[in-house]
Amino acid sequence: MKAAALTIGMILAAGQVVAQETLQFTTESYPPFIIQEPKQALRGISVDQVREILEGSGLDYRIEIMPWARAIALAETQRATCAFSAAQTADRRVRFRWVMPLARSISILVRRRNADIAATTLEEARRFTVGTHRSDYTETVLQKLKFPKIDVSASFDVTLAKLFDNRIDLMPMSQDVYEQLRARGVEIEKVTQLAQHDLGIACNRSVSWQVIQTMQTRLNRLIATGRQAEIYRSYGLAPPD
């Protein structure tokens, strides 16, 4: 009895320590999933879900915007750190503890509208210079597909600027981002589909299973109640199937 009580007490004490530790959430600017605007609170499809998962959970947290390469690296190397929205690729699956899914990403290759780039398939696209941002999962996808000319930038916005400066020919982006950019009048057009992955919260392996389970349970509730779908629609996008 005493031994059992001591064990339970130690578990509860450990849970308290974890719960009191501030979780750092790292991410990048990637509208409409993560939207950073001057003098306004961070928002977006992924940000809104993360806030609803954490608020009222008893977990202390903060969210910080940075280049994606740094965001995902910190989540892998720094305790009490999680990155979102991260693609759960095969090589990442065992390197993090996951809360899934915040989103589903269908990545496509795009070009400038009316660009003289004759490509409609991945095989044809390999002849051109493709830009992406460092440590994004599409960088690994392009490497595995043996694209010979990959240009890597610090962020999605820098890569998009390179596309319009004619410094690269093609770039990957999610279908959702593509549709929103087109709706805003950005002159890009789809070439072909590149990959599809579920996206979620990738946490450092020091984050306790108790905390992961708390976040997963609350995300499951968002999905089951239709709240995740409501968040998607509030940003003008259809929810994932």
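Predicted model: local features only at pLDDT ≥ 70, side-chain atom pairs only at ≥ 80, totals over all residues.

The questions below concern the disulfide, the sheet, the helix packing and the backbone.

Q: Why is the link between Cys-82 and Cys-203 called a disulfide?
A: A disulfide is a pair of cysteine sulfur atoms within 2.5 Å. The S to S distance of Cys-82 and Cys-203 is 2.1 Å, so the pair meets the definition. By this rule the count comes to one disulfide.

Q: What does the link of Cys-82 and Cys-203 tie together, and what is its handedness?
A: The angle about the S-S bond is 100°, and the link is right-handed. Cys-82 belongs to strand β3 and Cys-203 to strand β8, so the pair ties together parts that are 121 residues apart in sequence. Strands here are DSSP runs of E with at least two residues, and helices are runs of H or I with at least four, numbered from the N terminus.

Q: Are Cys-82 and Cys-203 buried or exposed?
A: Both are buried, a term for under 20% relative accessible area, with exposed meaning over 50% and partly exposed in between (1.4 Å probe, protein chains only).

Q: What makes β1 and β3 a pair of strands?
A: Two strands pair if DSSP finds at least two bridges between them. Cys-82 of β3 is the bridge partner of Phe-25.

Q: Why are β2 and β7 said to stand at the edges of the sheet?
A: The open sheet has six strands in the order β2-β1-β3-β8-β4-β7, with mixed pairing. β2 (61-65) and β7 (171-174) each have a single partner strand, so one side of each is left without a neighbour in the sheet. From one strand to the next, the twist averages 30°.

Q: How is the packing of α2 and α10 described?
A: Helix α2 (residues 45-54) and helix α10 (residues 227-234) pack at an angle of about 145°, with their axes 9 Å apart. Axes are lines fitted to C-alpha atoms, for helices over the stretch in contact, and angles run from 0 to 180 degrees between N-to-C directions. The contact (heavy atoms within 4.5 Å) is made by Ile-45, Asp-48, Gln-49 and Glu-52 of α2 and by Arg-227, Gln-228, Ile-231 and Tyr-232 of α10.

Q: Which peptide bonds are cis?
A: A cis bond joins Pro-31 and Pro-32, with omega about 5°; Pro-32 is in the loop between β1 (23-27) and α2. The bond from Met-100 to Pro-101 is also cis, with omega near -15°, and Pro-101 is in strand β4 (residues 97-112).

Conventions. Residues numbered from 1 in each chain as written. Heavy atoms only, no water.
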